[in-house]
Amino acid sequence: MLLIIGLSTRLAAIPLAITMLVAAFIVHANDGFGRQELPLLYAAIYISIALIGAGKYSLDNRISKK
């Protein structure tokens, strides 16, 4: 929910990225790349959100302007 509304997005994206990496490398370890592709894609998205931060329409941005 925090990621959706844009509140504390960097901290909220870290557990989601870890979850997707666990899903890709532990849960689907014996499966082919086709089963690992989607969790790896989500992990890359969450890592980029954690590094870049929230956008200009997020609550983080509105709070920091004041």
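Me: Which residues make the nonpolar surface patch?

Reply: In this predicted model, the patch is made by Leu11, Ile14, Ile18, Leu21, Val22, Phe25, Ile26, Val27, Ile47, Leu51 and Ile52. Its area is about 1,100 Å².

Me: Why is Val22 called partly exposed?

Reply: Buried means under 20% and exposed means over 50%, with partly exposed in between. Val22 stands at 37%, so Val22 counts as partly exposed. The residue lies in helix H2.

Me: Which helices supply at least two residues each to the nonpolar patch?

Reply: They are helix H2 (9-27) and helix H3 (33-52). The largest share, 8 residues, comes from H2.

Me: What elements does the protein hold, from the N terminus on?

Reply: Their order is α-α-α-α, with 4 helices and 0 strands in the protein.

Me: Why is the protein called more spread out than a compact globule?

Reply: For 66 residues the globule rule gives 11 Å, whereas the radius of gyration is 14 Å, well over that value; the protein is therefore more spread out than a compact globule. The C-alpha atoms fill a box of roughly 50 × 15 × 15 Å along the principal axes.

Me: How much of the protein counts as buried?

Reply: Of its 66 residues, 23% do.

Terms used:
Residues are numbered from 1 along each chain as its sequence is written. This is a predicted model: local features need pLDDT of at least 70, side-chain atom pairs count only at pLDDT 80 or more; totals for chains, interfaces and linings use all residues. Side-chain values use heavy atoms; hydrogens and water are left out. The radius of gyration is taken over C-alpha atoms; the globule rule is 2.2 Å times the number of residues to the power 0.38. Buried means under 20% relative accessible area, exposed over 50%, partly exposed in between (1.4 Å probe, protein chains only). Patches are made of residues with over 30% relative accessible area and no salt bridge: like charges are joined within 9 Å, nonpolar side chains (Val, Leu, Ile, Met, Phe, Trp, Tyr) within 5 Å. Accessible areas come from the Shrake-Rupley method with a 1.4 Å probe; for residues, only the protein chains shown count as cover. A salt bridge is a side-chain nitrogen of Lys or Arg within 4 Å of a carboxyl oxygen of Asp or Glu.
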